[in-house]
Amino acid sequence: TAIQVVLPHVQGTVKTVSGTSVTITQRDGTDRTIVVTDSTTYKLAGAASTGAALTVGTMVDAEGTAAAGGTFTATLVNIQPAQAGGTVTAITTTPNPATNPATIVVKTRAGASLTINVGSSTTYQVAGKTTASFSDIALGAIVMAEGTPNADGSFTATVVRAFPAGG
């Protein structure tokens, strides 16, 4: 018979990152501060990562130790990239993607307009295509992007997945 030790964990969306502390908003709407140390390890979408991947808007599941006073110190932080998506309503290209990214504007489920910035390092997955690129994104398509929310309300994508309208 094997005994499996399950470490305490907390889950939520990153609200702030400051030095050795990360504040998350848990599913019940309460905030919780996670202490990270030099020995904390990080995984981003299952692969080894660093604390730099902890950005506002990302989902985390941290394992570690909970002290009697409520302090939670993480030994492992599993990070899921932030996601955004909707139906494509506009596409803009740019002559200089290094300084001015191309954009995909979507209408979200909530009916809001969201600008998704894409650049030369963005990767694409499009239903029905073996290899895909920005030019394969079409008006009316449904897109789901992974990346980072920006302070101006836009979203910078590292990955864009697209599906035909109604598909």
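**Salt bridges, a pocket and a buried asparagine**

At 44% relative accessibility, K129 counts as partly exposed. In this predicted model, the side chain of K129 meets that of D136 in a salt bridge, with 3.4 Å from N to O. D136 is likewise partly exposed, at 23% relative accessibility. Three salt bridges are counted in total.

A second pair joins D31 to K15, whose closest N and O atoms are 2.6 Å apart. This pair links distant parts of the chain, since D31 sits in strand 3 (residues 31-35) and K15 in strand 1 (residues 9-18), 16 residues apart. Both ends are partly exposed, D31 at 39% relative accessibility and K15 at 44%.

The remaining pair to describe is E146 with R161, their side chains meeting at 3.2 Å, N to O. Because E146 belongs to strand 12 and R161 to strand 13, the bridge ties together parts that lie 15 residues apart in sequence. Here E146 is buried, with a relative accessible area of 15%, while R161 is partly exposed at 25%.

Strand 12 provides the largest share, three residues, and strand 13 (155-163) supplies at least two.

Finally, N117 is found in strand 10 (residues 113-118) and is buried, at 14% relative accessibility. Its side chain makes a polar contact of 3.2 Å with the side chain of S154. Among the other residues that N117 touches are P101, T103, N150 and F155.

Technical notes:
Residues numbered from 1 in each chain as written. Predicted model: local features only at pLDDT ≥ 70, side-chain atom pairs only at ≥ 80, totals over all residues. Heavy atoms only, no water. Helix = DSSP H or I, 4+ residues; strand = E, 2+ residues; numbered from the N terminus. Buried < 20%, exposed > 50% of the residue type's maximum accessible area, 1.4 Å probe, protein only. Polar contact = N/O pair within 3.5 Å; in protein donor to acceptor, adjacent residues only side chain to side chain. Contact = heavy atoms within 4.5 Å. Salt bridge = Lys/Arg side-chain N within 4 Å of Asp/Glu carboxyl O. Lists of a residue's contacts leave out its neighbours within four places in sequence.
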